[in-house]
Amino acid sequence: MDAPEVFEHIATHFDEALPFVAYRKPNEKDLKVFLQEDDTLNTTTDYDESGFVFAPFDTAFAEAILIPDTTAITVSLSELSFENGEPHHTHSNPADQQRHIALVKNGISYIKKSGVKKIVLSRKQTINHAYEHPIAIFKRLLHAYPTAFAYCWYHPKVGLWLGATPETLLSISNRKFHTMALAGTQPYKDTLSVSWGTKEIQEQQFVTDAIVQNLKPILSDIKVTPAQTHRAGSLLHLKTDISAPFKSTETSLKTIIEALHPTPAVCGLPRSEAKDFILKNEVYERNYYTGFLGELNLQVTRKRSTHRRNMENLAYGSIQKESHLFVNLRCMEIDAKGAQIYVGGGITEQSNPEAEWQETVDKLSTMLRVLG
Ligand SMILES: C=C(O[C@@H]1C=C(C(=O)O)C=C[C@H]1O)C(=O)O
């Protein structure tokens, strides 16, 4: 099957109300598709199955959903030509603005009196766009964000989600573990040479420190890079890479996921106080926004070594399990009525409520740009 045929196939699957996920990993050219042939809602709590996982922000709200890797298709996108969408403009609603600013102010005063360091506060914006087949929107998304994890996920009992996220939750590949601390936002204006304010530098450092702290009891030899400016579409963030050797015999995937999710990049610090504040004060349900998604325990064959002495081993690679999970950001949920785009930002003692509102408006543009 070539790429146009694969897209046709996914579209038919969607029209028949059968679950699927189609995705392209950051900076890769291949589209991968998992198609489920019945509408069973498969879930996972131990993360030891193999397939594509789709987990909510609050795992008490719903279990993580699994699309098993029974029928997987991989196709190269490099030959495909894409149409560009018309930029979609929306006028922010003053009531939404007032509500979000009040939420942020409430967060700042709670931070000041409680000693909590950071809370990520979010909202969703409804866009009533003319109905278009989701596969057409997904093609534009793939084209617009080549460095993101771009996906289209559907289950008839849950809904249809699309996104282009810049944030890795974890990657376990070739006996190495990797994650990132991503925080701080400013609009991209044709250069990566920008300066960052103390609020952003401190907020991102909180995230790095907390991730390292949570990983220390379960991983050793943790390496942390200096923070760098990272572009995500029309936005810039500060990013630190965190890595360590990984042995599946010593640490389970579930232990690592529970140590990381939800990270202070999408929840806050300390985690339980921030989460309580979010659940009590955000006046809507995050559902799968700020949850995580991606490849779970997929089998790959790796060559053992290219060293001469091991040449005879080359023919037999070693079979390993890999996982590549991403945080569900810059995403939207689409139904017959329109799209719901989810956006948020990290609040600290130093936050300015109007600037935090503007940050959510800037973040909306990632998904707005691909709506027809
Ligand atoms: C919460 C979101 O993004 C997160 C929050 C950021 C921030 O507060 O600056 C930056 C990147 C993400 O970790 C979002 O995109 O909705």
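Q: How do the residues of the shell around the ligand divide into nonpolar, polar and charged?
A: In this predicted model, the shell divides into seven nonpolar, seven polar and three charged residues, where Ala, Val, Leu, Ile, Met, Phe, Trp, Tyr, Cys and Pro count as nonpolar, Asp, Glu, Lys and Arg as charged, and the others, Gly among them, as polar.

Q: And which residues are the closest to the ligand?
A: The closest are T185, A265, G344, G345 and G346, out of 17 residues that surround the ligand, with a residue counted as near if its C-beta atom, placed from the backbone, lies within 6 Å of the molecule. The elements that give two or more residues to this shell are β7 (118–127), β11 (176–187) and β19 (338–347).

Q: Before I go on, what do the numbering and the confidence cut-offs look like?
A: Residues are numbered from 1 along each chain as its sequence is written. Because the model is predicted, local features need pLDDT of at least 70 and side-chain atom pairs count only at pLDDT 80 or more, while totals for chains, interfaces and linings use all residues.

Q: OK, how many helices and strands does the protein chain have?
A: The protein chain has eight helices and 19 strands, taken as DSSP runs (H or I, at least four residues, for helices; E, at least two, for strands) and numbered from the N terminus.

Q: Switching to helix packing, at what angle do α2 and α6 pack?
A: Helix α2 (residues 94–114) and helix α6 (residues 271–281) pack at an angle of about 150°, with their axes 12 Å apart; axes are lines fitted to C-alpha atoms, for helices over the stretch in contact, and angles run from 0 to 180 degrees between N-to-C directions.

Q: Which residues make that contact?
A: From α2 they are L103, N106, G107, Y110 and S114, and from α6 they are E273, F277 and N281, a contact meaning C-beta atoms, placed from the backbone, within 7 Å. These residues divide into three nonpolar, four polar and one charged.

Q: Now L66: where does it lie, and is it buried or exposed?
A: L66 lies in strand β5 (residues 64–68), and L66 is buried, with 21 other C-beta atoms within 10 Å; buried takes 20 or more such atoms, exposed 12 or fewer, and partly exposed falls in between, with C-beta atoms placed from the backbone.

Q: What does L66 touch?
A: Leaving out residues up to four places away in sequence, L66 touches N42, T43, T44, E49, G51 and V53.

Q: Last one, which residues of α3 are buried?
A: In helix α3 (residues 134–144) they are I137, F138, K139, R140, L141 and L142, and they pack against α1 (3–15), β1 (20–24), β8 (149–155) and β9 (159–165).

Technical notes. Two residues are in contact if their C-beta atoms, placed from the backbone, lie within 7 Å.
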